[in-house]
Amino acid sequence: MNSNFTNIIRIVLGLVLIVFGINKIYSFIPLPQPPVEAANFIESLVNTGYMLSLIAIAEICVGLMLVIRLWVPVALLLLVPLSLNILFFHLFLNVPGIGAAMLVTGLNAVLLYKNRKRYAPLFREAY
C-alpha cells in the first residue's frame, strides 16, 4: 500500500483537489468558457449561496487529508461521490473538459483498489 507509486498517486490527487477546490473559491486559474448547459448548472450552484463553496471545501479537505496522510481510506471514500459527480458533469454537460475528471476518478479508483483490504470489514456479514 505504501509503495512509491501509491504515494505519488495519493499526493498528485490531493494536490489536484486542493488546487481546483481553492480555484472554485478564488478563481485564480482561468478556465475555458463552458457550454451553455454547463454554465447554467454552475450558475445554479452559485445562486444557492452555499453549494459551490461546500463542494470546494470538501475537495480541499479531502485533498489535504490525502497529502498529509490523514485517514486516507476515509478520504478516498469521501472522494467517491465527488469524483463521480465531476465525471458525470463533464460527461453530460462539458465533454471537452473530461480529461481532468477522468484523471481524478481514475486515481481515486486506483487508490481505492490499493486500499481494498482496509475496506474488507465493511463487507463482512455480522452475526
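## A first look at the helices and their core

At 30% relative accessibility, V67 counts as partly exposed, a label used for values between buried (under 20% relative accessible area) and exposed (over 50%), worked out with a 1.4 Å probe on protein chains only. V67 is found in helix 3. Helices here are DSSP runs of H or I with at least four residues, numbered from the N terminus.

A word on the source: this is a predicted model, in which local features need pLDDT of at least 70 and side-chain atom pairs count only at pLDDT 80 or more, while totals for chains, interfaces and linings use all residues. Residues are numbered from 1 along each chain as its sequence is written, and side-chain values use heavy atoms, with hydrogens and water left out.

Which residues does V67 touch, leaving aside its neighbours within four places in sequence? They are R10, I11, G14, L15 and I18, where contact means heavy atoms within 4.5 Å. V67 and L17 are 50 residues apart in sequence, yet their C-alpha atoms are 10.0 Å apart in space.

Helix 1 has 23 residues and reaches 32 Å from its first C-alpha to its last. That is close to the 33 Å expected at 1.5 Å a residue, a span found as 1.5 Å times one less than the number of residues. The buried residues of helix 1 include I9, L13, V16 and L17, along with R10 and N23. What covers the buried residues of helix 1 includes helix 3, helix 4 and helix 5. After helix 1 comes S27, with a positive phi near 50°.

The largest nonpolar core has 16 residues, and those with the most contacts inside it are L13, L17, V62, L66, L76 and L79. Such a core is a set of buried Ala, Val, Leu, Ile, Met, Phe, Trp, Tyr and Cys residues joined through side-chain atoms within 4.5 Å. Helix 1 (4-26), helix 3 (51-67), helix 4 and helix 5 (98-114) each give two or more residues to this core. Helix 4 gives the most, with five residues.

**Along helix 4**

Leaving aside neighbours within four places in sequence, L79 is in contact with L13, L17, V62, L66 and N108. Beyond its neighbours within four places in sequence, S83 is in contact with V104, T105 and N108.

**Aromatic rings**

The structure holds two aromatic pairs. Rings of Phe, Tyr and Trp (its six-membered ring) pair if their centres lie within 6.5 Å; planes under 30 degrees apart count as stacked, over 60 as edge-to-face and the rest as tilted.

| Pair | Centre to centre | Angle between planes | Type |
|---|---|---|---|
| F41 and F89 | 5.7 Å | 35° | tilted |
| F88 and F92 | 6.2 Å | 50° | tilted |

F41 is partly exposed at 39% relative accessibility, whereas F89 is buried at 16%.

F88 and F92 both lie in helix 4, four residues apart, about one turn of the helix. F88 is partly exposed at 41%, and F92 is exposed, with a relative accessible area of 65%.
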